[in-house]
Amino acid sequence: MDLDLGQSVKHRESVGLRYRSQQEALQFLGNVLADERGVGLLHGPYSSGKSDVVNQFVQQLPANAVVAIVDGAHLKARPFLSEVLEQFGYSVELNSADEMLNMLRVIVVQQTRAHQAPVLVVQNINNMYPSTLCVLCKLASQMVQGRFALRIILVNHRYYYRIMGSPSMRPITDRLIGNFKMEPMTEQETMVYAHARLRSYGVDQPDNFFSIDICTELHSASGGWPVKLDDIIMTIMDQAEDFPVRLEDIDHPALGKQSDSAVEMVEVGSPADQELPKLIVTLNGKTQQYIELVNSRSLIGRSDLSDVTIDSNFVSRQHALLVQDKGAVIIVDLNSRNGTFVNSRRVNAKVLRDSDIIMVGDHRIKLILPSGYASVVAEDPDIADTARMKGIAEARRSKDSEIPTLFVIDEHQV
């Protein structure tokens, strides 16, 4: 086992420990930049330390490297482009996403000609808006002197086949050299990691802090994932009174002993662990989008401000609203020109069931409810009507802030 224990500091990002999977991930990212295609996907659970790997990788790049690390979750095209431009060193005020995109194209071409291709790291691609994915694909298509003008590293908690397999993502997937899945530490790596962590916190003799047997329990409790292990060790540091430490004296959800608050936290779970309702958007039988409903309200429409953007003359700019309320998903028509239909029947507001088909224009949207979601057997007119009134009011308030649709979303272009 080849472990690199660098300078001991108090922050997890700088401990310098690289277990085997991290080393392999760093090598994979190096291969991405060296390959002429220059696109790679790094994925793993939320606690797998992907951000640490990315940070370590960026620190290894030459001092003159141009790099941007952007969390793409729920970013519209303009703020996404603005963030990339700012991290590339250009703070500008432009009127539209089109102008920003054109400027960014010029920058990446100039940088590629003068030095080396800039590097763009995009996190949480599964939660990106279609219009933002469209921008990413346009950037991925930019070439200079027969070479791609941008290196792209995608970071996500898992490989989304429905997104990556979409024909609209061809500018990305045609350049994809592969994907790397983070793996947990072994028991031995966990022990070395835990001791390195303790040293970074100022513990001179980690062996006297807790025994090898406890390291085995720590591996089991953390699953070998560094972020979970860090959290457990921090709890031990805060609560331990005697040494060597006895885990039965430590109150942490991942360990055997839990307080009432800890049990409650485990039962509720974090938003990232909860399964969400999903939409499958199709046109003429071909899947165009696969979307998770992460917000309590999701707008369907032709506007680029929509959460579900559908570019069609038969779809209004603000066509319909999906509302999650009281364990139900409700579709609300926003006085659209051509109407909203559920299972071929026109509706104003309707509580939806699993596998219901929403029809807006020529597009079909299938709703998939997770098994843990409340099953609504009969419609509640009060819920639906209340959601409809709120939805129309919100749409009217936001109408003045609309911007023109900049990117066409169809099966050939994201």
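**Before you click**

You're looking at a predicted model, where local features need pLDDT of at least 70 and side-chain atom pairs count only at pLDDT 80 or more, while totals for chains, interfaces and linings use all residues. Residues are numbered from 1 along each chain as its sequence is written, and side-chain values use heavy atoms, with hydrogens and water left out.

**Stop 1: the whole protein**

Show everything in cartoon. There are 13 helices and 18 strands in the protein. Helices (H or I, at least four residues) and strands (E, at least two) are DSSP runs, numbered from the N terminus. Now colour by burial: of the 414 residues, 48% are buried. Buried means under 20% relative accessible area, exposed means over 50%, and partly exposed is in between (1.4 Å probe, protein chains only). Among contacts with a separation of 6 or more, 62% come from residues 24 or more positions apart; contact means heavy atoms within 4.5 Å.

**Stop 2: H1 against H2**

Select 20-34 and 50-60, which are helix H1 and helix H2. The two pack at an angle of about 50 degrees, and their axes are 10 Å apart. Axes are lines fitted to C-alpha atoms, for helices over the stretch in contact, and angles run from 0 to 180 degrees between N-to-C directions. H1 and H2 are therefore oblique to each other; angles under 35 degrees count as roughly parallel, over 145 as roughly antiparallel, 65 to 115 as roughly perpendicular and the rest as oblique.

Next, show side chains. From H1, Gln-22, Ala-25, Leu-26, Leu-29, Gly-30 and Leu-33 meet Asp-52, Val-53, Gln-56, Phe-57 and Gln-60 of H2. The residues of this contact divide into six nonpolar, four polar and one charged.

**Stop 3: the five-stranded sheet**

Which strands make up the open sheet with mixed pairing? Reading across, the order is S11-S10-S12-S13-S16. S11 (308-309) and S16 (349-351) are the edge strands, each pairing on one side only. Two strands pair if DSSP finds at least two bridges between them.

- Select 297-301 for S10, which runs parallel to S11 and is joined to it by two bridges. Look for Gly-301 opposite Thr-309.
- On to S12, residues 320-325: five of its six residues are buried. S12 pairs with S10 in the antiparallel sense over four bridges, and Arg-297 has Val-323 as a bridge partner.
- Zoom in on the hairpin turn, where two residues separate S12 from S13 and Lys-326 has a positive phi of about 55 degrees.

**Stop 4: the six-stranded sheet**

This open sheet is antiparallel, in the order S9-S8-S18-S17-S14-S15. Its edge strands are S9 (286-292) and S15 (345-347), and the twist averages 30 degrees from one strand to the next. Select 357-360 and 363-368 to see S17 and S18 pair over four bridges; Met-359 is bridged to Arg-364.

Beyond four places in sequence, its contacts include Ile-331, Val-347, Leu-352, Ile-357 and Met-359.

**Last stop: two asparagines**

Asn-124 sits in the loop between S3 and helix H5 (130-141), with a positive phi near 60 degrees. Then jump to Asn-284, in the loop between S8 (278-283) and S9. Asn-284 has a positive phi of about 55 degrees, though it is not a glycine, and with a relative accessible area of 72% Asn-284 is exposed.

Terms used:
Nonpolar A, V, L, I, M, F, W, Y, C, P; charged D, E, K, R; others polar.
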